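You are welcome to read along.

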Amino acid sequence: MFPMFVEFQYIDHGKPVNWKCLALTGSQINVSIVAFDDKSNANEVTRLYTEMGESGDYDMFLGPYSSGLTGRAGDVINKTGQIIMMHAGASEWIYEKGHRNVFTTNVLAGDYFSAGLALLH
């Protein structure tokens, strides 16, 4: 199912956030979101994603901002077997590692200007 409408209130630092998603089928899906501050630090990303992944309390993860941090989170979650969606990591090397549960909705960095450059050719 793909959400068509999402209603939420963001609360930080490990407190649950309740989402209401209206799926294309018309049914409502309740989702609980928990957010932590990774301080834009690779070691903190490793610590947080390891703790969350090993806890068994989470079914899916959103990657942190930046390709470097996102790659680190993907490495950790790949070992624990959950799914992680990378919304802010566009470097191709993240996806070339062969991780099975890492995906994105981004345009990869190498393709940012490909359509414009093709028009110039």
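Here is what I looked up, entry by entry.

**Ground rules**

I noted that this is a predicted model, where local features need pLDDT of at least 70, side-chain atom pairs count only at pLDDT 80 or more, and totals for chains, interfaces and linings use all residues. Residues are numbered from 1 along each chain as its sequence is written, and side-chain values use heavy atoms, with hydrogens and water left out.

**Confidence**

I started with pLDDT, the predictor's confidence in each residue, from 0 to 100. The mean for the protein is 75, and 64% of its residues reach 70 or more.

**Overall plan**

I counted helices and strands as DSSP runs, numbered from the N terminus: helices are H or I with at least four residues, strands are E with at least two. The protein has 4 helices and 6 strands. Along the sequence I read the pattern β-β-β-α-β-α-β-α-β-α. Of the 121 residues, 27% count as buried; buried means under 20% relative accessible area, exposed over 50%, and partly exposed in between, with a 1.4 Å probe and protein chains only. Among contacts with a separation of 6 or more, residues 24 or more positions apart account for 26%.

**The sheet**

In which order do the strands of the open sheet stand? I wrote down E4-E5-E6, 3 strands with parallel pairing. E4 and E6 are at the edges, each with a single partner strand, so one side of each has no neighbour in the sheet. From one strand to the next, the twist averages 25°.

I then checked the pairs; two strands pair if DSSP finds at least two bridges between them. Strand E4 (residues 60-62) and strand E5 (residues 83-86) run parallel and are joined by 3 bridges. Here Phe 61 stands opposite Ile 84 in E5. E5 also pairs in the parallel sense with strand E6 (residues 102-104), again over 3 bridges. On this side, Met 85 has Phe 103 in E6 as its bridge partner, and Met 86 has Thr 104.

H2 packs on the sheet and touches E4, E5 and E6. Its direction makes about 170° with that of E5; axes are lines fitted to C-alpha atoms, for helices over the stretch in contact, and angles run from 0 to 180 degrees between N-to-C directions. I also noted that E4, H2 and E5 make a right-handed β-α-β unit. Right-handed means that, with the strands pointing away from the viewer, the path from the first strand over the helix to the second runs clockwise.

Is Thr 70 buried or exposed? I found it buried, because its relative accessibility is 0%. Thr 70 sits in helix H2 (residues 67-80). Leaving aside residues up to four places away in sequence, Thr 70 touches Gly 63, Pro 64, Tyr 65, Met 86, Ala 88, Gly 89 and Ile 94.

**Salt bridges**

How many salt bridges does the structure hold? I noted 4, each being a side-chain nitrogen of Lys or Arg within 4 Å of a carboxyl oxygen of Asp or Glu.

Arg 47 meets Glu 44 at 2.6 Å, N to O. Both lie in helix H1, 3 residues apart, about one turn of the helix. Arg 47 also meets Glu 51, at 2.8 Å, N to O. Those two are 4 residues apart in helix H1, so about one helical turn separates them.

Asp 75 and Lys 97 form another salt bridge, at 2.9 Å, N to O. This pair links distant parts of the chain, 22 residues apart: Asp 75 is in helix H2, and Lys 97 is in the loop between helix H3 (92-95) and E6. Asp 75 is partly exposed at 25%, and Lys 97 is partly exposed at 38%.

My last entry is a network: salt bridges that share partners join Lys 39, Glu 44, Arg 47 and Glu 51.

How values were computed: Contact means heavy atoms within 4.5 Å.
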